[in-house]
Amino acid sequence: SVDIHTIGAGGGSIAWIDTTGRLRVGPASAKAVPGPACYGRGGVEPTITDAHAVLGTLGTGELAGGLTLDRELAVAAVRRIAEPLGFSVEEGAEAILAIGLAHMVRALRKVSVERGLDPREFSLVPFGGAGPLHTGLLLRHLELKQAILPLRPGLFAADGLLVAGLRSDRSQTILQTAGDAATSELIAWFTSTSAESREQLLADGVPEDRIREEASVDCRYRGQGFELNIPVAGWSPEQLAELPARFHEVHRERYGHSNLSEPVEIVTVRLASTGEIERADEAAVEVAACELPESAIVARREVRLPGFDPAEIPVIDRSLIPAGARFTGPAIIQQMDATTVLLPGQSVEALSTLDLVVTDHSRKA
């Protein structure tokens with residue numbers, strides 16, 4: 001299985017008022033059909049996408065697939081929840097985004113802070129058509145180190161499928177206390193399983209030098225009802241002897257405490273064998289530090305960024321951002337498959353691969 005934490009806060013998440021008169025967002029979705037009201041395909045319920053259309057962060061130009069957004073339809077949809085709450089349409093749109101953002105922040109805290117990890121030490125990689133829309137807001141609210149915007153955010157998952165290799169995951173329950181007897185059993189299992197996995201990948205056409213293995217062990221203190229997965233560099237006696245110490249360290253990192261005198265029980269052993277496939281190299285261009293060329297600014301639009309007064313901000317065509325270019329927000333970066341929103345105090349640097357690194361300087365201030 002893959003550890004993925006999901007929430008109902010996508011671009012199609014519907015905003016609604018519950019029986020107590022409170023505004024909610026999601027988990028119901030307008031989906032692709034009929035989609036958000038601004039798609040003009042029959043949808044009437046207000047969504048996160050409609051909120052962006054009302055505030056101007058999403059323009060009314062043509063998007064991927066020839067789709068054109070209709071702001072007036074978005075205004076009509078958002079008014080359905082704004083008026084009962086005594087809000088203007090723009091205030092209603094901001095409220096929708098605030099709640100949607102709260103769901104996203106909670107999800108990121110769940111996979112960082114709640115696992116003993118400091119989000120300030122990590123970079124966010126937003127993808128999908130709507131992920132970059134919330135990059136600036138998530139950086140600001142979570143104080144993340146930075147965000148790395150892929151060259152093609154909306155096609156990021158499809159790109160991954162094109163370069164993903166073959167993978168074989170094998171596991172077996174052991175249920176033994178860590179020690180010499182368990183170590184002998186683990187070595188025997190890892191050795192035989194590795195040979196079987198390699199044989200399968202070779203039969204599938206993977207070259208020997210492209211096979212990679214990741215070993216890990218699920219451990220717990222005796223009597224616990226849950227385990228922690230502990231990666232191991234290999235399965236020599238010396239490497240496996242470090243397993244209890246590694247478990248104590250991970251347990252302390254995750255839960256804030258550990259018990260060095262408590263026996264460590266090995267529950268399950270795992271081996272993931274991956275066969276890497278040939279992939280095309282990402283094109284890299286020569287980097288020369290420069291300012292953003294004026295020609296990259298294709299429009300200026302009246303936008304009400306959440307938390308800020310309405311202002312006219314530049315709209316930048318991503319295909320015209322050269323490697324090495326540096327500029328600051330507020331700004332909107334548009335491309336065929338995604339739209340990125342930058343807040344005041346945030347800066348962008350284009351790498352040699354034309355991926356963009358976004359940093360929020362307000363944190364340091």
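This briefing walks through the nonpolar cores, cysteines and aromatic pairs of the structure above. The model is predicted, so local features need pLDDT of at least 70 and side-chain atom pairs count only at pLDDT 80 or more, while totals for chains, interfaces and linings use all residues. Residues are numbered from 1 along each chain as its sequence is written, and side-chain values use heavy atoms, leaving out hydrogens and water.

**Nonpolar cores**
- A nonpolar core here is a set of buried Ala, Val, Leu, Ile, Met, Phe, Trp, Tyr and Cys residues joined through side-chain atoms within 4.5 Å; buried means under 20% relative accessible area, exposed over 50% and partly exposed in between (1.4 Å probe, protein chains only).
- The largest core holds 53 residues, and Ile96, Ile316, Ile321 and Phe327 have the most contacts inside it.
- Helix α3 (residues 89-110) gives the most to this core, with eight residues.
- Another core lies apart from it, with 20 residues, including Phe190 and Cys219.

**Cysteines**
- Counting cysteine sulfur atoms within 2.5 Å as a disulfide, the total is zero.
- Cysteine 38 is buried at 0% relative accessibility, and cysteine 219 is buried at 0% too.

**Aromatic pairs**
- Rings of Phe, Tyr and Trp (its six-membered ring) pair if their centres lie within 6.5 Å; planes under 30 degrees apart count as stacked, over 60 as edge-to-face and the rest as tilted.
- There are five aromatic pairs by this rule.
- Phenylalanine 127 and phenylalanine 156 make a tilted pair, because their ring centres are 5.0 Å apart and their planes sit at 35 degrees.
- Phenylalanine 127 is partly exposed at 45%, and phenylalanine 156 is partly exposed at 34%.
- Tryptophan 189 and phenylalanine 190 are both buried, and together with Trp235 they form one aromatic cluster.

Terms used:
Helix = DSSP H or I, 4+ residues; strand = E, 2+ residues; numbered from the N terminus.
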